[in-house]
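Morning, everyone. Please put the structure up on the screen, and I'll walk you through a sheet and some charged pairs.

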Amino acid sequence: MADISITTKGAREASEDESGAMHTAGDITRIRLQFPHPPARPDQPADFSAITVPEAGILPVPPLDIEAGGCRDLALGMVRVLDDNNQPVGPWADYLGDLSADRLRQGLRDMLKMRAIDRRMLNAQRQGKTSFYLQCTGEEAIGCCFQRELSQGDMNFPTYRQQTLLVAADYPLEQMMGQLYSNALDPLKGRQLPIMHSARDYGFFSISGNLGTQYVQAVGWAMAAALTGTGKIAAGWIGDGATASNDFHSALLTASVYVPPVVLNVVNNQWAISTYTGIAAGKSETYAARALGYGIPAIRVDGNDYLAVMAVSRWAIARARQGQGPVLIEWFTYRAAAHSTSDDPSAYRPRDEARAWPLGDPVERLKAHLIARGDWSEERQVQAEAEILDEVNAVQKAVEAHGTFVDPQPISPAEIFLNVYADMPEHLRRQRQETGY
Amino acid sequence: MARMTMIEALRSAMDVKLADDPSVIVFGEDVGYFGGVFRCTAGLQARYGEERVFDTPINESAIVGMAVGMAAQGMRPCVEIQFADYVFPAYDQITQEAARLRHRSNGQFTCPLVVRMPTGGGIFGGQTHSQSPEALFTHVAGLKVVIPSNPYDAKGLLIAAIEDPDPVIFLEPKRIYNGPFAGDPHGKSVPWSAHPAGEVPEGHYSVPLGTASVCREGSAVTVLAYGTMVHVAQATVDRMGVDAEIIDLRTLLPLDLDTIRASVEKTGRCVVIHEATRTSGFGAELIAEVQEACFWHLLAPILRVAGWDAPYPHAQEWDYFPGPDRIARALQQVMEA
């Protein structure tokens, strides 16, 4: 059987065979390398027994000026606010204080809207109306909640799985879908792969697609914000897989050196396409713990607990804004859907793995909490889901009238040549003329 | 007028821009307190403070990545990569990020940054301090690529680069930092103070990007060169007594094809010179453009003189460098064709 490896406890050594015997050839020990494996493959039952889920409410809220050395428990443990009865407990719940029902219902609606968009756009891709789509199912609480805690003018440096930030920033759905259809409503004029949004006015930096590059750019943006005295902060986003990239380390290093107002988010959704998170983690106990070596405070958080996301986002953003420097947050979650419409996860992980995820579903958990508070009901949930789906459907229909891949209304090829430079150089002008535009 | 070396001229350009634009910021390895291993930023931190001129970790990707984030917000970073040979960790940030940000965001975010780096050989730097990677940048849509050949142009081009709205790769031929180089390593070194282009105004002026300079007029053959090779070509042509027209390209991207075309149409012959390795070098691009624009005016095949397609050697530097003898042979061959 494959060696079962980590998420919370560090990868198990693979230097022994099944009998536990070391292999030797003469006097030379045959050294065996470690190749981390996920706990289960498609033909096996889902198995998250290696993941320790700590009790809610046991970790303290550190002072805003905490140093990395004081963060060990926070980086190795997991901040959770909602307990098994969907009640907020512990110091982080106290930190949030009394939350209005409206604020929580807004969070639920954001997540439902995100889920409706994902469902509709996945469907549109299956119908051939767009070339590509990528869902964020299971991760909705993180971006939806974090964005609501930011202020106008703060800037996210997202990955392609943070469309939640756009939804919670109230980015017009027409523009979002226009980009996904590469049609006349696309603010990026058909230049970018669907899902690679850019929305400066909504605090959403242009997505690259080369993983990790945005992380150190977030540090640069935050440095510029400090140098020019804007009072704004930056938020870098990266997945667990891309923590392996050079620029993850470049970002931590420069954030550690210059101490700019940046929140560095790691969304650990356990999978990098087909690659198990252990391949990026190696012997590290948590991604949060990596930051401690750079002298950056870090906290690991239950990313499927909307209230935990709210509490830690609020704390980290306040810390950055107050000039206390960078902080890294590992959002512990699970990528419930395929990596993208080009991916089939049944080829590399158990089909029922999402259902077995020990931290549950963020929508269900917030809904249960609202119901427990007496501020929501199953009936209202059904009604809200229907209303939101209607709203999304209506926009989708209107946007599709401007063209889809099935019914194209092509964007002018002249757009290829615009905005390569501020002023079009002669050689590009000649090439544009060659296209006939 | 003041006499400056290329180092002093570059420093003066940054000084002028740091003084007149608060969004200009200078950083890189050893550029702050110490003032750079080639001294290009000496004294700037003392004058403008640590928030404007500072040292960075040895991480080129971080240097350019930070600059992209700053430039996207509207600052104008002018960063130094200590040697062009060290730029490769930043290649991702330069080619996939800085170069494309305006296009991929449809102008929501732009990237007005300058990446300065000493380039080329001739200083016994071996393979990690001598390379000429210009073609790796001219192949990238969205970048501008500049390489000056004298102090006056260096200052004017660097000011233009810092003021440019798009990312500029600014290559500084390190062999001619302190004086022009005729191509003979045993020859007497000449300081910039003895050269007319060592005269550099103290204040603000710019040399527009995208314009070549005809630095020697002639009618027999057109020589296309840039950086150090402009001087080697001039010395060779003078020694041979050929009536060559030498064009100092100054900006490789965008290329001043009008100046090149006018010259080759006049001379009917062309030799292209660069230090960089030959295969897929920028010379290939130049020859393609010239033959396409001037084919019916050509009297001879266009020749290239370039570095050999081998890593830049240390001890055999002058066997590798495309020096006067090789240039002379090419000129002779083209003239006799």
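I'll begin with how to read the model, then take the sheet, then the salt bridges.

This is a predicted model: local features need pLDDT of at least 70, side-chain atom pairs count only at pLDDT 80 or more, and totals for chains, interfaces and linings use all residues. Residues are numbered from 1 along each chain as its sequence is written, chains are lettered from A and ligands numbered from 1 in the order written, and side-chain values use heavy atoms, with hydrogens and water left out.

Sheet first. Strands of a sheet pair through backbone hydrogen bonds, either parallel or antiparallel. Which order do the strands take in chain A? The order is S3-S4-S5-S9-S8, five strands in an open sheet with parallel pairing. S3 (155–157) and S8 (298–302) of chain A stand at the edges with a single partner strand each, so one side of each has no neighbour in the sheet. From one strand to the next, the twist averages 20°.

Some terms. Helices (H or I, at least four residues) and strands (E, at least two) are DSSP runs, numbered from the N terminus. Two strands pair if DSSP finds at least two bridges between them. S8(A) and S9(A), residues 327–332, run parallel and are joined by five bridges. Take Arg300(A): its bridge partner in S9(A) is Glu330(A).

Now the charges. Side chains of opposite charge can pair when their charged atoms come close. A salt bridge here is a side-chain nitrogen of Lys or Arg within 4 Å of a carboxyl oxygen of Asp or Glu. The structure holds 32 of them over all chains.

Look at Asp302(A). Its salt bridge goes to Arg365(A), with the closest N and O atoms 3.0 Å apart. Asp302(A) lies in S8 and Arg365(A) in helix H13 (residues 362–373) of chain A, so the pair ties together parts 63 residues apart in sequence.

Arg365(A) also meets Asp305(A) in a salt bridge, at 3.8 Å, N to O. Asp305(A) sits in the loop between S8 and helix H11 (306–321) of chain A, so this pair ties together parts 60 residues apart in sequence.

Are these residues buried or exposed? Buried means under 20% relative accessible area, exposed over 50%, partly exposed in between (1.4 Å probe, protein chains only). Asp302(A) is buried at 0%. Asp305(A) is buried at 0%. Arg365(A) is buried at 11%.

Notes
Axes fitted to C-alpha atoms, helices over the stretch in contact; angles between N-to-C directions.
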